[in-house]
Amino acid sequence: MKQFSRKIALWLTALLLLSWLFKQSVQIDIDLHLRTVQNLEIIRQQDALLNQYILESRYGQLKNYDPIVSSQQDITYLLDTLANENPAYFAQGETKIQQAFMQYRTLFNQKNELIDRFKSHNAVLRNSIQYFPTASQLQIDQIGPQSAHALLIRDLRESVLLYDYRASGDLKNHIQQLLNTLQQSANPSDAGLKSLLNHVDIIIQHKIEVDELTRNITQSQTTAQADKVFQIYSTFFAQREHRAANYKLAMAILSLLMMIYLARTFTRLQMTGQTLTNSLKELEFQKFALDQHSIVSIADRNGKIIYSNDKFTEISQYSRDELLGKDHRILNSGYHPRDFFKQMWETIEKGQVWHGEVKNKRKDGSYYWVDSTIVPLMGDDEKPSRYISIRTDISALKALSEHMIIQRAFYENITETLGEGLYVQDAKGHCVYMNSEAEKLLGWPRQELIGRPMHNTIHTQTSTGEPLPACDCPIMNHVIKHGKAHMDDQVFVRKDGSSFPVAISSRAIYDNNGNISSTVVAFQDISARKAAETSVIHAKEVAERANKVKGNFLANMSHEIRTPMNGIIGMAELALDSDLNAEQREYVSVIKSSADALLNIINDILDFSKIESGRMDIESIYFSLTQMLRDAVKSLAPRAHQKQLELLLHIAPDVPDRIIGDPGRLRQVILNLVGNAIKFTESGEIEVYIKKVDGALTGNAKLEFSVRDTGIGIPEEKFHTIFESFSQADTSITRKYGGTGLGLSISNKIINLMGGQLNLTSTVGKGSTFHFTIDVPVIAENIPTQPQSSMQVRGMSVLVVDDNLTNQNILQEMLQSWGMLPTIVANGADALSELERASAAGKPYSLAILDVQMPEMNGFELVEHLRLKPEHAPATVMMLTSAGQRGDAAKCRELGVAGYLMKPVSQSDLFDAMMTALDVPSHSGAQQNDLPLITRHSLRESRRKLNLLLAEDNAVNQTLAMRILEKLGHSITIANNGIEAIQHWQNGQFDAILMDVDMPVMGGFEATRLIREQEKSTSRHIPIIAMTAHAMQGAREECLHHGMDGYVSKPIDTESLWRELDGLTRHINDDNNAPSTTAKDTLTIIDFGKARQTMDNSRELFDEIVRLFRRDAPDHLQRIKSALDTNDVDAIRHSAHAIKGMVGIFAAERTMHDAEFIEFNAGNTDLQTAIKDLEASLTELESAITHYQWD
Amino acid sequence: MKSKLPSKSNLILAGIALLLAFAVTVLIFISSKYQHSSEIPAYKANQPEINFNITQPLPQKIQLNQDKVALGQKLFHDARLSKDNTISCASCHNLANGGSDNRARSIGVKGSVGTINSPTIFNSGFNFAQFWDGRAATLEDQVEGPIHHPKEMGSSWQQIIAKLKTDESYASAFNKLYEDGINPSNIKDAIATFDRSLITPNSRFDKFLQGDKNAINSMEKNGYALFQSYGCASCHQGINLGGNMYEKMGLMGDYFADRGNITEADRGRFNLNHAPESMYEFKVPGLRNVELTAPYFHDGNAKTLEQAIDIMAKYQLGRTIPQQDTEAIAAFLRTLTGEYQNKPL
């Protein structure tokens, strides 16, 4: 207000100032000024006229005084007018102009007086001048013209007139003289004279006066004064004008300022108005928004409601009218104490904002909660004038929070009931929650632990008591990685420092960003459990021991049973091989077959028991699938041929050869299946077919094995039962066909253990097919050793003559796989005609492969026919027979047959025989008889003959072994026990030792150990093959572990023995080139070509092998070194053997050589150099591998 | 923001104040303009043209506000201007008598005798001052004399105005002519305006001056010549044949000594300025209609024109004029009688 009234005062002042300025500025009345100037000018003019008139009057030109009067009147009037119109200048006053004007008036008055006098004197003078001549003439006439007086008078007259014209002092004197004269001499009574003289006097006097008056009048200062007045007036006026102009300017400026101010005010008003409008709009909007959300009420300073919005009425159920004018007390729910409101009032009365949650009561008595903010609006008197309350309905929130409290209690209850310790830690690992059980278990009260870092408080050590830093905490690390953790190998520490083992289950809780916000850990004190575990372990150990005992028993039993069995069977075989009469033969045959059968049963039972006790394990070793199958099938070939059955082995070309698995068990299964097939097939064929199927894992091959027969078949309903133990399809079968019935069940179990499933398809009367599919890791994925030399036979045409369809297919497949061009005929007649045709066409066959057992014309007959027509005969003829007869070889030689092979013939066998057969120069040259006959035997026989030491205590076995070995062409020396063995060995030069394990005095292992020990000093390593009846799992390993090189099980399997020996001879051959003398420089570090070929150029495989090598080779090397310190010969040998094996695949001859040396000389004390050599070559090898660029 | 907007009442007050200030400004603006009258000054009505001759004929008519003239006439003839309502201006300045009362001394209120010969009212506008001693510069001023003179009208403005105000006709007339109604200034103005209107043109002499050679006879012409040659025309000159200068009575002889009974009135202008040279100085009277205004001189000493002429010649000219010359001059003087309102006086 003050400001406003000040403003008003200011404005009033400004306006008054403006008007005053205006007044000042218009003081200049131009008209007045002009009039004044004019009047002044007129005055000057009239004044000048006056002078003029006076002069004219004086000299008789102006004959009346009216003009003079007029001028006087005009001047007087104008002077009065000036004074009246312009009193500031011309009225009486002290100013310069006024003084000047007054001066003028004074002068003018003076002048007027002079004029008055002039008028009267002038008139008199004029009259006298006019009369004087007449008067003087009269006088002259009167006194006589001639009288002296007349002269004087004349003189006087002239003088006076002259004087009138121009007054001068002389003249005056002269006149005076004359006067005097005349007066003296004159008659006193002469009136005329007196009158005359009087006139002269008058003239003289008046003239002076008049002249003086005239002079004074005309020279009056009035003109000058008038000028002065005019000047001063002009100056004054100019000043006034100037001043007025200044005032005008000031006024203009002031007006302008006022204008500007007005404009500014106006603009500001506008803007304010606009702002106001905008603000109001904004306010309206905000208020509206507020009203939408909040409960708003405004109360006056006494708390009476003066405004409430819709929401308020809504929630309180009071209408607006019911609310206005009331106090908020009508909403009082009674929930809050008096103090609550008292404090609220105190706060807001002070002018402060109050926040709070208030429970209010609706009109109908129900309650609601609001979150309230009260803002006091301060008035001019520094006290609140109004209160605005803004509230939001939080009833729901309150209910929710109450519910949450209940929920929390609920969950807490749960955690309390758990029976497990539970704690929650935040992202930093600080405890935020604990249940009572945790308290109890940890010995920490809740309050003390909450906020503390859990790990560093309770999980400070490992189960072995070593400190466990938080970063290594396995629980947290696992949780961080996987979101949860379960482990039972951790240990918590109680408050008192004691620790206890815990099983923990932990889970992470994530926040919205996916970061762990907290972790829940539930834990149990598993001390009891651990104790239980320990006892369990202990029990397990006891059980294991028991099991082991059982196993040993089984093994022992197995051994005990086998040994005599071995004797029976072996001897029976030997007997059968010798000359027997028919009757003896018959008896011995029965003995043999019985023994065989018994052995089978025993094997089955043992296997079965193994399976039942879960002790059957499947080995994982490299082996040649082809070889195994060939051996297996071949071993059953006699039986098949006996029954005139074709036994066919069909391996698909893409089936890998070198695989990892258990050859023994697989062989067992094959034997079982094929045996069964043979047993239950009367006529036809049995085909063992292996093919590769899709779906193998990387590095594996999925192989499907099927044994197909054309036997009696199995009815479908019996499918299940045959797999069950001790059952056959038909109990009658047992009687007819024999067999324990365990075979299939065992086979099935074995297949299962290999990861496959034995399946059966069969048609009664048609035949059966048993098949299974197993996934096996492979070494090389290519076809079993594609012989390089297959180039030689590429494109060669070959005639196959075989009546058996399956065989035809097999042969065709094989021949085609070598790039040859087979033509198949089914009988001899067709063969002959085909040969004719071919030679006639100019494309004779280079090779013919003939089956022996053919109807109508058998193989030999066919050959005889060929001999008759040598022009058609192919260059080379080979014969395949199902049953090997004595004398067949001679017959072949006779007939010039280049090759004679027993069916089933393996690919490699056939190939080898073929190559050998083809290499021989054509029949046109040498004597056919001289052709060396390539048989399996000869193949075998081409191997070296060995000098063997046999250590065997059992006489039967001795004999048996001796006979077998001699048959093989080796020479045998017998030792009865280990000591004899050593003695013999020491004295003799043996290529290898066949060491029975169980011998009295000194067992095989002991003897081997001693031999190896003694070998340490030398650089020799004699191959020792164990012979053992222990057929249990791990027997082989055990043998190897004891320093043996090979292992055959008893009863001695000729095949396996031969195999082992075969392997050995090759080895020995190499061995005899003493490793130490071999020029090491010629040994390759690594043959990548070979290695890659072996690995079928598989980069993955190569890398994997390298990885394994890099992992295991240093390990083994280290073991060798440490074993050297501990003198653990077996360990040295074992690791050296391992190194040798693993680098073999790289064809790393040097490393292999060094490893082998250590292996053979493991018993030697001085291995330092050898180890250094090995290390060096390993390093070289490693370097070579590292630097090898694959591409 | 603590300041409040002004209340409604405050705003209204402010508005009024501003309005007033504005009004004041405007008023000041208006009032600062000086209103000057553009009327012709009164004296100018009777101002003769510039003429270098002895005299000139009277104008036929002069520019005057006729309403004022009528009012003035009424006032002139209104005896209420005198104390006892017996004497009006016309009592002494009788228009039917040539504008005077043919008495050496006039009779005022209560029959009191005046002190000096009433001069003629006719053509008094052409005199350069009023009264024998010229103490009234204007006819307006002259009104003051008789009004207040105890031996003449012996009244006061107060009385007069009071009397006049009662007269409805005066009130309306005055209100019509004057904004401020009946007041001395306006009364004087009205009477003076009437006085100025009393011109008597068309005398035979004027006609003669205007070119009518036969307007006056030869004797009168001769008289006019003698009037000039003797020097009468030295003083009795101008449009009114006098009235424009002061002269001593008794230039060539002591008139008053010879006459005797010197009164205060005889002192003439000496009564005004007490200057020795002003003793016996009087305004030279105008000679128009002189034939009608006997007795002559301030004291009414000359009963006839001829007497007046002789006295004048003796004391003013210092000569004795032969009779025939006197008669001629007298004849001439008689030709100066004009017409008032086209009626010969």
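In the predicted model, chain A and chain B bury about 4,200 Å² between them. Carbon and sulfur atoms account for 60% of this area. On the side of chain A, the residues that lose the most area to chain B are Phe4(A), Asp66(A) and Asn127(A), which together make up 12% of what that side buries. In terms of contacts, 47 residues of chain A meet 50 residues of chain B.

A search of the whole structure returned 7 cavities of 30 Å³ or more.

The lining of the largest cavity consists of 45 residues. His236(B), Val284(B), Pro285(B), Leu287(B) and Phe297(B) are the lining residues that lie nearest the centre of this cavity. Five elements of chain B, namely helix 10 (232–235), strand 1 (246–248), strand 2 (281–283), helix 13 (305–317) and helix 14 (323–334), each give two or more residues to the lining. The largest share, 7 residues, is supplied by helix 13 of chain B. By class, the lining of the largest cavity comprises 26 nonpolar, 15 polar and 4 charged residues. Because residues of the lining come from both domain 1 (66–196) and domain 2 (204–344) of chain B, the largest cavity lies between these two domains.

The second largest cavity is lined by residues of chain A: Thr626(A), Leu649(A), His650(A), Ile651(A), Ala652(A), Pro653(A), Ile810(A), Glu813(A), Met814(A), Val905(A), Ser906(A) and Gln907(A). Strand 12 (646–651) and helix 26 (805–817) of chain A are the elements that contribute two or more residues to this lining. The lining of the second largest cavity divides into 7 nonpolar, 4 polar and 1 charged.

The average pLDDT of chain A is 82, and 91% of the residues score at least 70. Among the elements of chain A, the highest mean pLDDT, 92, belongs to strand 3 (residues 354–361), and the lowest, 50, to helix 31 (residues 936–941).

Terms used:
Residues are numbered from 1 along each chain as its sequence is written. Chains are lettered from A and ligands numbered from 1 in the order in which they are written. This is a predicted model: local features need pLDDT of at least 70, side-chain atom pairs count only at pLDDT 80 or more; totals for chains, interfaces and linings use all residues. Side-chain values use heavy atoms; hydrogens and water are left out. On a 1 Å grid over the protein atoms alone, a cavity is a set of points where a 1.4 Å probe fits but cannot get out, and a pocket is an open set with protein on both sides within 12 Å along at least five of seven lines; lining residues have an atom within 4 Å of a point. Grid points are joined across faces, edges and corners, and a volume is the space filled by probe spheres set on the points. Helices (H or I, at least four residues) and strands (E, at least two) are DSSP runs, numbered from the N terminus. Ala, Val, Leu, Ile, Met, Phe, Trp, Tyr, Cys and Pro count as nonpolar, Asp, Glu, Lys and Arg as charged, and the others, Gly among them, as polar. Domain bounds come from an automatic or database domain assignment. pLDDT is the predictor's confidence in each residue, from 0 to 100. Contact means heavy atoms within 4.5 Å. Buried area is the accessible area (1.4 Å probe) that two parts lose on being put together, summed over both.
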